[in-house]
Amino acid sequence: MSSLNASFIGYTVGLLCHSIKRNRKPALVAVEIHRLQDGRFKLQAVSAHNLAPLHGDRAIITAEEYENAPRNPYDDCRLAVWALRKCGWNAG
């Protein structure tokens, strides 16, 4: 997906995670969030150290799914845990 087809929204906080899909060592991972031109959202797992994309660890979700994501103004970890799970990572 080219950056021309998406608008950057932001990052979640980085959390120490284990990969659900692959046999990887624990890693500090955040999620980069983009809104696609068709209204869906792209969640891309990235290294929380240098924001490098973790290849293959992404999800495309509907606008409704993104709007219904768990949010708490006092706890940024709730959204991060939800987004990480969508990308194949388990925090905690």
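**Notebook: Ala45 and its surroundings**

I began with the contacts of Ala45: leaving out residues up to four places away in sequence, Ala45 touches Val29, Ala30, Val31, Pro53, Leu54, Asp57, Cys87 and Trp89. A reminder to myself that I am reading a predicted model.

Next I looked up where Ala45 sits, and found Ala45 in strand β4. Is Ala45 buried or exposed? Its relative accessibility is 0%, so Ala45 counts as buried, the cut-off being under 20%.

**The hairpin**

I then followed β4 to its partner. Strand β4 covers residues 41-47 and pairs with strand β5, residues 53-61, in the antiparallel sense, over five bridges. Across this pairing I noted Gln44 opposite Arg58 in β5. Five residues lie between the two strands of the hairpin, and there I found Leu51 with a positive phi near 65 degrees.

**Helix α2**

I turned to helix α2, residues 77-86. Which residues of α2 are buried? I listed Leu79, Ala80, Trp82, Ala83 and Leu84. A friendly bit of helix geometry to keep beside that list: an α-helix has 3.6 residues a turn, so residues three or four places apart point the same way. I looked up what the buried residues of α2 pack against, and the answer is β2 (15-19), β3 (27-36), β4, β5, α1 and β6 (89-91). Just after α2, I marked Gly88, which takes a positive phi of about 95 degrees.

**Salt bridges**

How many salt bridges are there? I count two salt bridges. Before going through them, I jotted down that side chains of opposite charge can pair when their charged atoms come close.

I checked the accessibility of both partners: Glu65 is partly exposed at a relative accessible area of 29%, and Lys86 is partly exposed at 31%.

The side chains of Arg40 and Asp38 also meet in a salt bridge, at 2.8 Å from N to O. For Arg40 I read a relative accessibility of 36%, so Arg40 counts as partly exposed, that is, between 20% and 50%.

How values were computed: Residues numbered from 1 in each chain as written. Predicted model: local features only at pLDDT ≥ 70, side-chain atom pairs only at ≥ 80, totals over all residues. Heavy atoms only, no water. Pairing = 2+ DSSP bridges. Helix = DSSP H or I, 4+ residues; strand = E, 2+ residues; numbered from the N terminus. Salt bridge = Lys/Arg side-chain N within 4 Å of Asp/Glu carboxyl O. Buried < 20%, exposed > 50% of the residue type's maximum accessible area, 1.4 Å probe, protein only. Contact = heavy atoms within 4.5 Å.
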